[in-house]
Amino acid sequence: MEKLIEEFSVGLFFWQTILFIALIFLLRKFAWKPILNAVIEREEKIEGALKAAEEAENKMKELSANNEKILADARVERESILKDGRSIKEKMIADAKSQASTEAEKIITSAKEQINIEKMKAMTEIKNQVADISIEMAEKILRTELKDAKNQKKLIEEALKKQIN
């Protein structure tokens with residue numbers, strides 16, 4: 001340190017100070033402004049990017065909330081559609097059962113009527129056959145009994161007696 005003080009030159013110090021001040025002036029004029037402008041510009045870009053990121057985050061939150069709402073609405077609508085489908089299915093089944101029951105009753109009623117009609121036809125046919133058989137038997141009996149004149153006379157007398165009494 002003593003050596004520095006012994007070799008100290010005022011002229012050299014003066015010129016170094018002037019050069020240093022000139023260098024600072026030149027740097028301030030030509031380098032600092034562009035550097036400060038670049039730093040300020042970079043800072044503004046970073047702030048803009050941060051704002052954009054914050055806006056994007058807010059939009060994502062909003063979209064997420066909207067998506068949840070849409071999903072909830074879709075679930076509600078799906079449940080409503082399924083419920084309506086079930087009620088329509090149950091109504092269709094009930095209607096089909098009712099219609100089938102009505103049709104079955106109609107078929108049963110029609111079958112009963114057909115059975116009664118067929119029964120009446122059969123009864124009429126049996127009566128007609130019985131009458132025909134009775135007439136044939138009566139005819140045969142009368143022929144055998146009326147073959148001879150004595151029997152004929154006896155039958156006429158009995159019929160007259162019944163008529164008189």
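Analyst: Read along the sequence, the protein goes α-α-α. Its radius of gyration is 66 Å, well over the 15 Å that the globule rule gives for 165 residues, so the protein is more spread out than a compact globule. That radius is taken over C-alpha atoms, and the globule rule is 2.2 Å times the number of residues to the power 0.38.

User: Before we go on, what should I know about the model and the numbering?

Analyst: This is a predicted model: local features need pLDDT of at least 70, side-chain atom pairs count only at pLDDT 80 or more, and totals for chains, interfaces and linings use all residues. Residues are numbered from 1 along each chain as its sequence is written, and side-chain values use heavy atoms, with hydrogens and water left out.

User: OK. How many helices and strands are there in the protein?

Analyst: Three helices and zero strands.

User: And what box do the C-alpha atoms fill?

Analyst: Roughly 200 × 30 × 25 Å, taken along the principal axes.

User: What share of the residues is buried?

Analyst: Buried residues make up 0% of the 165. Buried here means under 20% relative accessible area, exposed means over 50%, and partly exposed is in between (1.4 Å probe, protein chains only).

User: What about helix H3, how far does it reach?

Analyst: H3 covers residues 149–164, and its 16 residues reach 23 Å from first C-alpha to last. That's close to the 22 Å expected at 1.5 Å a residue (the expected span is 1.5 Å times one less than the number of residues). The number of buried residues in H3 is zero, so the helix lies largely in the open.

User: Switching to side chains. How many aromatic pairs turn up?

Analyst: One, from a search of the whole structure. The ring centres of Phe14 and Trp15 are 5.5 Å apart with the planes at 70°, so the pair is edge-to-face. For the cut-offs, rings of Phe, Tyr and Trp (its six-membered ring) pair if their centres lie within 6.5 Å; planes under 30 degrees apart are stacked, over 60 edge-to-face, and the rest tilted.

User: Is Trp15 buried or exposed?

Analyst: Exposed, with a relative accessible area of 55%. Phe14 has 46%, so Phe14 counts as partly exposed.

User: Now charges. How many salt bridges?

Analyst: Five, where a salt bridge is a side-chain nitrogen of Lys or Arg within 4 Å of a carboxyl oxygen of Asp or Glu. Among them is Glu57 with Lys61, whose closest N and O atoms are 3.7 Å apart. Another is Lys91 with Asp95, at 3.4 Å.

User: Why are Glu57 and Lys61 about one helical turn apart?

Analyst: Because they sit four residues apart in helix H2.

Technical notes
Helix = DSSP H or I, 4+ residues; strand = E, 2+ residues; numbered from the N terminus.
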